[in-house]
Structure formats: C-alpha cells, structure tokens
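Here are my notes on this model. Please read them with the structure open.

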Amino acid sequence: MPTLLLRHIAHLATFDDGGREITDGALYLRDHVIEAVGTDAELGATSADRVIDLSGHLVMPGMVNTHHHMYQNLTRVMVQDEPLFTWLSTLYPIWARLDDAAISVSARVAMAELIASGCTTSSDHLYIRPNDVTLDATIAAARGIGLRFHAARGAMSRGQSQGGLPPDSCVEREADILKDAERLIHAHHDPARYAMTRIVLAPCSPFSVTPGLMREAAALARAHGVHLHTHLAEDLDEEVWCREAYGMRPAAFAESVGWTGPDVWFAHAIFLDSGEIRRFAETGTGMTHCPSANMRCGQGIAKIREMLDAGMTCGLGVDGSASNDTSNLFLEARLAQLLQRVAPARYGSEPPGGRGGFGGTPGALSAREALVMATRGGARLLGRDDIGHLAPGMSADLIAVKLDQLGLSGTQRDPLAAMVMCGPFRVSHSFIHGRPIIADGAFCDLDLEALLAEHAATMARIWQ
C-alpha cells in the first residue's frame, strides 16, 4: 500500500481526544488511513513513497457538512426577501423542471465548491424527484470527484390536496418512496469503517409528508442500520402548521413518530425550548446548525450554546444553495461563532429599561468550538467514528491552508482560530481517503472550466 509523509507542518490541529495542536508537525499515511501523528522530529525520518513539505501551512481534519440541497445551485439568488413558506412555494414549480442530468451537474459543482473550502465529507438531502431524477446521480458524482458522501433519500408525499405545502406535482406515492429507499440501501449503503458511500432516509419536513411515512421510514432505516434526517423547528410558520395539523409542537411531533435517538439528526432546530433541548440531549438526538441560511431567510437564532451545554450533538451545514447561497464550511463556522455572540442572553427577551436592542455575550461560542462542530460534531451526527479528527487508525481526510497569504498576515499567535475569525479561505491541499483531491490550490483531476460550462448550459436548458 502506498505511503505518504507530510512534513514540517507549521501548525497541526488534530482535534483528537486531547485536542492536541502541534508545531512543526508531521503525519504518516498508509493508503487511506492515518498511521502516525506527531512532531517532525519524531516522524521526519520515516521512509515513505512520497513526501510533501507543508512548511507555512495549517493542517486540520477535513470538515463534515451535514445538511445541503445541492441541486439548488441552479436557483441561486432567487426569492431573496420572502419568508420560508413563500420561498418554497415559489421555487417548487421551478424545481419541478429538473432532470437527472441537472441533478448530476449541480451535485458536481456543489461538491467542488465544498472541497475547495475545506469539506471532505458531505450529506445531501435530495427531497424533490421530478421527471427522471434519481439519488444515484449524486452518488455517481461523489464517486467521480472523490467526496466521502452520505446520500439522503428525501421525499415529499403530502401535497396541497392533502393539506401539505408542496404542489401535488412535486410529491410521490409513499409506497414508491419506501421501495426506492430500500433499493438504494441495498445498492449503495456501505456500513463498513472507512466507507465512502452511505444512505440516509430523509422525509422532507412535517408539512410535506404524513406521520405514517415518518414512522415507516424510521422502521425501514432501523431495520437496515441507516440514519434518519429531516428539517425540524426551522420556522415559526412550521410551528403554527404543526399545532393546527397535529395539535403539538414540531419536537413533540418528531418524538411521536419515533424520530429521536442517536441515529436521528435534524436540520435547523431553531425553535426548541429548554425542555425539548434536554430531551434531545438525553436521547442522543442531534442537530445541524445552518447560520447563513437562517439569517438569509430571517428565521432566527438556534440556541447552540444551550444545546452544547446540555450535551446535545451539534454539527454545521451549508444548507441549500438557494437559501445560503454558497457552500463554504469555513464561512458557516465563522457565522456560527458570531451569531451566538449576538444572540440575546435569553433568546428573545428585551433588556429592561427601554434601552432598545439586545445584549450579547462575547464568549458565547469560541472559534475552536465552532470548528469542533464542523469536524467531530458532524462526524458524530453521521454515525462515523473514522472521520472528524486526526489520529492513528482514522481516515486520511485532511486539509491544508497556506498561512502566508493576505488576510492571514498577523495570525501567528493562533492560526487555528484564524481559520474562523479571519476567513473564509480556500484550501491549498485536500486529501480524502488518502487521495489528493486538491494540490497547491488546484484540483488534481477535475476539469473545473468544463464543469462550469456544463452547469451554465444546464441553466440555459432548464430555465429557458
């Protein structure tokens, strides 16, 4: 098996159990696994098939994106100033024009954008399947580009005629959804350690599927050992809808259909009260924080500090490119940190004395905590014990950022915090499963110019 030695790493942030950060560090990789981590003095003389000098670079684990809708980069910067339900209702008919070729090229563009900005593992929640659209197209895209991928088989089954939000033309029959989900599990899900492809079952939201589908999806997922994912408590309109339709809040609805446990994670989870947060923490239920999309859509601020203190697993997600409208996890980590610092101490209580405004908390979320969410937190949400930190026996998923660049000048005191506080940045090197995907700032095997031309041609074809 081929070996690789990365030497003279200026700052090696391992995110291991001890949180080690090593000056003049080194990593020794054998095939797709990390074999040794230490100082260059300890490992520098180790024989390897290839040696790369990373002087002047910060190296850290590749980040883990736990919520996305990749197809949405075909509808960026649309519906810019409307609330969620209006945003969705406007875009559903447009997305109904998608086909499998459009899904493929949009996924490849999204994956390239993620990798260039430090992501090495991503989930994608594909919940609209018009025409000939399949989840297989996104899986093929990930395999081609080299991204570690958790493909979430989304679905909408409750159309407007049944009291749901999406038009009937955008929903599927529940029997077909479950049959295809099982097909995907058998065809693509790899439960082994170091797996490059896994399947997730992901009915879209409480207002677009039935309770029956939620229950059956949970049963199917648990029969095959796959994880569950959906949107929850994203918007106050959703809470009103759930109270009217089910007589309960979104979190209670999720629990009523069996959607709690360490195999479940929710996107957004903004509108949870303290009791719901404690309940999710007790059951091991996790959440993905998507600060850019939450701000872009004017939804609110998730209670990340309270969730972390309660022991709830929290990761980061870029969300779809029609609600973010970019795919950069360094940016999400930065905004996660800053947004918690301006969150009202009681998440909504106006300060006394009629002074106006809200007081924040400078230390509400540190740069390292934000990066833990982006690495170890995301790995835990996906049920992975082989990614998210750098240690012997872990997957060789890592990124390097050149420190000698405009915008990082003066960060020598704490280059790791600079990844959040001074970013976002593009990576100089990216290794996924031990394979170099980006080297010296350029993709190794991807023709980016041709990909962007294909994406532009798809835009012209789909939206003409």
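How many aromatic pairs does the structure hold? The structure holds 9 aromatic pairs. Rings of Phe, Tyr and Trp (its six-membered ring) pair if their centres lie within 6.5 Å; planes under 30 degrees apart count as stacked, over 60 as edge-to-face and the rest as tilted.

Some ground rules before the points. This is a predicted model, where local features need pLDDT of at least 70, side-chain atom pairs count only at pLDDT 80 or more, and totals for chains, interfaces and linings use all residues. Residues are numbered from 1 along each chain as its sequence is written, and side-chain values use heavy atoms, with hydrogens and water left out.

1. Start with the ring pair Tyr71 and Trp95. The pair is edge-to-face, at 5.2 Å centre to centre and 90° between the planes. It links distant parts of the chain: Tyr71 sits in the loop between strand 6 (63-65) and helix 2 (84-95), Trp95 in helix 2, 24 residues apart. Helices (H or I, at least four residues) and strands (E, at least two) are DSSP runs, numbered from the N terminus. Tyr71 is buried, with a relative accessible area of 2%. Trp95 is buried too, at 0%. Buried means under 20% relative accessible area, exposed over 50%, partly exposed in between (1.4 Å probe, protein chains only).

2. Tyr71 has another ring partner, Tyr127. Their centres are 6.1 Å apart and their planes at 80°, so this pair is edge-to-face. Tyr127 lies in the loop between strand 7 and helix 4, and Tyr71 in the loop between strand 6 and helix 2, so the pair ties together parts 56 residues apart in sequence. Tyr127 is buried, at 3% relative accessible area. One aromatic cluster takes in Tyr71, Trp87, Tyr92, Trp95 and Tyr127.

3. Next, strand 1 (residues 3-13). Of its 11 residues, 8 are buried, so the strand is largely enclosed by the rest of the structure. It pairs with strand 2 (residues 21-30) in the antiparallel sense over 8 bridges. Two strands pair if DSSP finds at least two bridges between them. Strand 1 also runs parallel to strand 4 (residues 50-53), joined by 4 bridges. With strand 5 (residues 57-61) the pairing is parallel, over 2 bridges.

4. In strand 5, the partner of Leu12 is Val59. Leu4 stands opposite Arg50 in strand 4.

5. Helix 4 (residues 136-145) buries Ala137, Thr138, Ile139, Ala141, Ala142 and Ile145. What do the buried residues of helix 4 pack against? Their neighbours are helix 3 (100-116), strand 7 (119-126), strand 8 (148-155), helix 5 (174-188), strand 9 (197-203) and strand 16 (435-439). Contact means heavy atoms within 4.5 Å. Just after the helix, Gly146 takes a positive phi of about 100°.

6. Helix 12 (residues 329-342) buries residues including Leu329, Phe330, Glu332 and Gln340. Asn328 caps its N-terminal end, with a side-chain oxygen 3.0 Å from the backbone nitrogen of Phe330.

7. Last, the cysteines. A disulfide is a pair of cysteine sulfur atoms within 2.5 Å. The count comes to 0 disulfides. The sulfur of Cys242 is 12 Å from the closest cysteine sulfur, in Cys204, too far for a bond. Cys242 is buried, with a relative accessible area of 0%. Cys314 is in no disulfide; the nearest cysteine sulfur, that of Cys290, is 12 Å away. Cys314 is buried, at 3%.

Terms used:
A polar contact is a pair of N or O atoms within 3.5 Å; within protein, one must be able to donate a hydrogen and the other to accept it, and residues adjacent in sequence count only if both atoms are side-chain atoms.
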